[in-house]
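Student: I would like to learn how to read ring contacts and a ligand site in a model. Could we go through them one at a time?

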Amino acid sequence: MEVHAWAAKHRGAALEPLCYELGPPEGHDCTVKVRTCGICHSDLHMVDDDWGMTRFPLVPGHEVLGEVVEVGPMVRHLRVGDRVGVGWQAGACMHCRDCLRGEENLCDHTRGLIVGHHGGFADFVQADARFCFPIPEGVGDDVAGPLLCGGVTVFSALRHAGMGSGMRIGVIGVGGLGHMAVMFASRLGNHVTAFTTSEDKAAFASELGAAEVIVVPRGKEPPAPKRPLDVVVNTVPAPLDWASYLGMLGSDGTLCFVAAPVDRPIAVPFFPMLSKRRRIMASPIGGRSVMREMLETAALFGVRPHIETFPMARVNDALEHVRSNKVRYRAVLTSADRA
Ligand code: NAP
Ligand code: ZN
């Protein structure tokens, strides 16, 4: 089939139309007709080749919601017509130690949907069907996509950093990932402190469930929360005052990175970490079992990303809206002929 997509032809470029042929799906793969696709900041990092792994032309888009239109010969659990979502991960080896323990996101042979492969800013996309997730009823087409990357990333990070209920959770940045982190952590019964540089986001963060909101002017030292935090998750892709955030943690507290501050190593003083047995960790997306748990939690507790929709043809406006931090809170592209 012929695919119509939007692609960056070189580093930092505006997206332009691109057409290519997609063969029938092989093995475990399936073809999904894209109805909507969220814009994650990782799409911008890839357009800008911040991580040095972009292959151009790049078709971004890895928060896909669509309909299965073709399945490969090995696919048993999905049928044509199923409504599925696809996130960052498009495949894994499925037999290494990490895959066998349900942590496919840690597989050495993980395949990214937009790494050397065309993503979801297109009318069709292909991925391993084992990474195409049925979406619970009640989670609408427009809001489902952002859960598939942004949602699972913060949910998995918070879980692996030790979040349960009744804890004090800090979230740095109220963007796409951050606003979902506030919702997941608060709906699951935690006291959430949100840190934002945008004054207008403070009231909204409270509405989402934050019990405390701290506005931090850009480049300034963040004021401390009222009480020490158990987990702080960072969703800001910029160098911040990590020593201050580390100092906000109580004993055994964890500072967890999901955003990648690309331009500088993370430097923190050693003794504040040692004296309170604090930890620093980072966490990539989430495996298949966490994806299922996240989707069920979102359906059960009404976690719905707050979105602004743009027709696919306005993809460059939408990308600029995200880049300039004007988006509230996730941009979602809608295909022209969505069902
Ligand atoms: P986003 O929607 O653009 O949100 C980022 C937020 O960071 C902004 O809304 C803003 O929040 C804050 N911010 C941006 N620039 C800042 C600066 N210079 N100083 C201080 N604050 C700043 O991005 P996103 O889609 O949530 O993604 C966030 C990061 O997570 C990106 O680096 C992305 O690549 C990464 N990510 C990682 C994974 C993973 O697997 N680990 C998965 C998905 C995304 P305020 O206005 O509230 O300050
Ligand atoms: Zn993403």
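Tutor: Start with a charge over a ring. This is a predicted model, and in it R288 lies over the face of F131, 5.8 Å from the ring centre.

Student: Which ring has the charged end of R328 over it?

Tutor: That of Y329: the charged end of R328 sits 5.9 Å from the centre of this ring.

Student: How is a pair of aromatic rings described?

Tutor: By two values, the distance of the centres and the angle of the planes. The count here comes to 7 aromatic pairs. One of them, F155 with F184, is edge-to-face, with 5.2 Å centre to centre and 65° between the planes. The pair links distant parts of the chain, as F155 is in helix α3 and F184 in helix α4, 29 residues apart.

Student: Are F155 and F184 buried or exposed?

Tutor: Buried means under 20% relative accessible area. F155 has a value of 0%, so F155 is buried. F184 is also at 0% and therefore counts as buried.

Student: Why is the pair of F204 and Y329 called stacked?

Tutor: Planes under 30 degrees apart count as stacked. The planes of F204 and Y329 are at 5°, with the ring centres 4.3 Å apart, so this pair is stacked. F204 lies in helix α5 (residues 201–208) and Y329 in the loop between α9 (315–323) and β17 (330–334), so the pair ties together parts 125 residues apart in sequence. Both F204 and Y329 are buried.

Student: Which residues form one aromatic cluster?

Tutor: F195, W242, Y245 and F257 do.

Student: Now the ligand. Which residues come nearest to ligand 1?

Tutor: Of the 30 residues around ligand 1, the nearest are H41, T196, T197, S198 and R330. By type, the shell divides into 14 nonpolar, 13 polar and 3 charged residues.

Student: Which side chains have an N or O atom by an oxygen atom of ligand 1?

Tutor: T197 has one at 2.6 Å from a ligand oxygen, and N325 has one at 2.8 Å. For S198, a polar side-chain atom lies 2.5 Å from an oxygen atom of ligand 1.

Student: How much of the accessible area of ligand 1 does the protein cover?

Tutor: On its own, ligand 1 has 920 Å² of accessible area, and the protein covers 89% of this.

Student: Which elements give two or more residues to the shell?

Tutor: They are α1 (41–47), α3 (141–160) and α4 (176–187). The largest share, 3 residues, comes from α1.

Conventions:
Residues are numbered from 1 along each chain as its sequence is written. Chains are lettered from A and ligands numbered from 1 in the order in which they are written. This is a predicted model: local features need pLDDT of at least 70, side-chain atom pairs count only at pLDDT 80 or more; totals for chains, interfaces and linings use all residues. Side-chain values use heavy atoms; hydrogens and water are left out. A residue is near a molecule or strand if one of its heavy atoms lies within 4 Å of it. A polar contact is a pair of N or O atoms within 3.5 Å; within protein, one must be able to donate a hydrogen and the other to accept it, and residues adjacent in sequence count only if both atoms are side-chain atoms. Accessible areas come from the Shrake-Rupley method with a 1.4 Å probe; for residues, only the protein chains shown count as cover. Helices (H or I, at least four residues) and strands (E, at least two) are DSSP runs, numbered from the N terminus. Ala, Val, Leu, Ile, Met, Phe, Trp, Tyr, Cys and Pro count as nonpolar, Asp, Glu, Lys and Arg as charged, and the others, Gly among them, as polar. Rings of Phe, Tyr and Trp (its six-membered ring) pair if their centres lie within 6.5 Å; planes under 30 degrees apart count as stacked, over 60 as edge-to-face and the rest as tilted. Buried means under 20% relative accessible area, exposed over 50%, partly exposed in between (1.4 Å probe, protein chains only). A charge sits over a ring if NZ of Lys or CZ of Arg is within 6 Å of the ring centre and within 35 degrees of the ring normal.
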